[in-house]
Amino acid sequence: MAEIKGLVRALRSGDDAAKTAAARTLCNLAFQDYNRDLIRYAGGVPPLVELVRDGSAEAKFEAAWALSILARNNAANKVAIAAAGGIAPLVELLRDGSAEAKRQAARALGNLAADNAANRVLIAEAGGIPPLVQLVRDGSADARMCMRNLARNNVANAVAIAAAVGFEALVQLARFGRVTVDNWLIVSDAGVPAKRKAALVVAALPDSVPRENKDIIASYL
């Protein structure tokens with residue numbers, strides 16, 4: 001525990017190099033399940049979030065990786081990261097980070113969304129879905145995992161994912177209860193509420209959408 005406390009102090013008061021090294025070491029320690037709780041007890045979550053927000057490119061990558069591991073299979077850490085404001089900077093990293101940082105951000109958000117309904121809502125509200133769609137199109141397995149978690153038991157997110165993918169995805173969701181992105185299955189077995197909402201979205205699209213397409217969807221209302 002003393003080592004973890006020292007690393008958390010470095011996160012708070014060190015220079016960028018020290019913070020980056022501390023985040024990397026905490027990430028390595030967090031691969032041990034019991035250390036995930038110890039890092040939270042030592043106050044490590046808020047400075048890691050701050051590093052994702054304001055650190056150098058390398059520091060953001062290391063901090064996002066640490067948050068990803070902290071959130072994995074740890075319900076208390078999922079809550080703590082969200083409470084510390086961690087979702088918004090991770091979404092920002094999805095948009096503007098390096099390729100590796102985007103991958104770690106997607107993994108962290110996916111872990112935050114797993115088995116946590118509140119975080120699924122927060123990630124969507126922070127604008128996480130459109131950049132995740134782009135990452136899926138770029139071939140990211142972490143983004144695919146994240147989007148599947150976001151859509152699980154969340155009608156609004158399933159429809160938002162389809163809308164971000166495009167018109168054909170909305171039709172696919174309304175008719176078949178699924179969404180694919182470049183042949184990757186992202187939403188599967190969506191229920192009637194998601195199908196109906198997707199159909200309503202299609203029906204409300206502007207007149208530029210061919211009428212015959214709307215008529216097909218109307219039969220699913």
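In which helix is Glu-62 found? Glu-62 is found in helix α5. Helices here are DSSP runs (H or I, at least four residues), strands are E runs of at least two, and both are numbered from the N terminus. This is a predicted model, in which local features need pLDDT of at least 70, side-chain atom pairs count only at pLDDT 80 or more, and totals for chains, interfaces and linings use all residues. Residues are numbered from 1 along each chain as its sequence is written, and side-chain values use heavy atoms, with hydrogens and water left out.

Start with the whole protein. Its secondary structure comes to 15 helices and two strands. Along its principal axes, the C-alpha trace spans about 65 × 30 × 25 Å. Of the 221 residues, 48% are buried. Buried means under 20% relative accessible area, exposed means over 50%, and partly exposed lies in between (1.4 Å probe, protein chains only). Now take contacts, meaning heavy atoms within 4.5 Å. Among contacts between residues at least 6 apart in sequence, 61% join residues at least 24 apart.

Residues 2–44 are 84% helix and 0% strand, and their end C-alpha atoms lie 13 Å apart. Residues 43–85 are 79% helix and 0% strand, with end C-alpha atoms 14 Å apart.

Go back to Glu-62. With a relative accessible area of 6%, Glu-62 is buried. Leaving aside neighbours within four places in sequence, Glu-62 is in contact with Thr-20, Ala-23 and Arg-24. Leu-48 is 14 residues from Glu-62 in sequence, and the two are 9.0 Å apart in space, C-alpha to C-alpha.

Next comes the core. A nonpolar core is a set of buried Ala, Val, Leu, Ile, Met, Phe, Trp, Tyr and Cys residues joined through side-chain atoms within 4.5 Å. The largest one has 70 residues, and Leu-109, Ile-161 and Val-187 have the most contacts inside it. Helix α5 (residues 57–71) gives the most to this core, with nine residues.

Look at Leu-109. Apart from neighbours within four places in sequence, Leu-109 is in contact with Ile-87, Leu-90, Val-91, Leu-94, Ile-123 and Cys-146. Leu-94 is buried, with a relative accessible area of 2%. Beyond four places in sequence, the contacts of Leu-94 include Lys-102, Ala-105, Gly-128 and Pro-131.

Is Gln-104 buried or exposed? Gln-104 counts as buried, at 0% relative accessibility. Its place is in helix α8 (residues 99–113). Not counting residues up to four places away in sequence, Gln-104 touches Phe-61, Ala-64, Trp-65 and Ser-68.

Now see how helices pack. Two packed helices are described by the angle between their axes and the distance between the axes. Axes are lines fitted to C-alpha atoms, for helices over the stretch in contact, and angles run from 0 to 180 degrees between N-to-C directions. Angles under 35 degrees count as roughly parallel, over 145 as roughly antiparallel, 65 to 115 as roughly perpendicular and the rest as oblique.

Take α2 (residues 16–30) and α3 (residues 33–41). Their axes come within 7 Å and cross at roughly 135°. The two helices are therefore oblique to each other. Leu-26, Leu-29 and Ala-30 of α2 meet Asp-33, Asn-35, Arg-36 and Ile-39 of α3.

Then take α11 (residues 141–151) and α12 (residues 155–165). The axes of this pair come within 7 Å and cross at roughly 135°. So α11 and α12 are oblique to each other. The contact is made by Met-147, Leu-150 and Ala-151 of α11 with Asn-157, Ala-158 and Ile-161 of α12.

Finish with two loop residues. Most residues other than glycine have a negative phi. Asn-153 has a positive phi, near 55°. Asn-153 is found in the loop between α11 and α12, and is exposed, with a relative accessible area of 75%. Asp-189 also has a positive phi, near 55°. The loop between β2 (184–187) and α14 (192–203) holds Asp-189, which counts as exposed at 73% relative accessibility.
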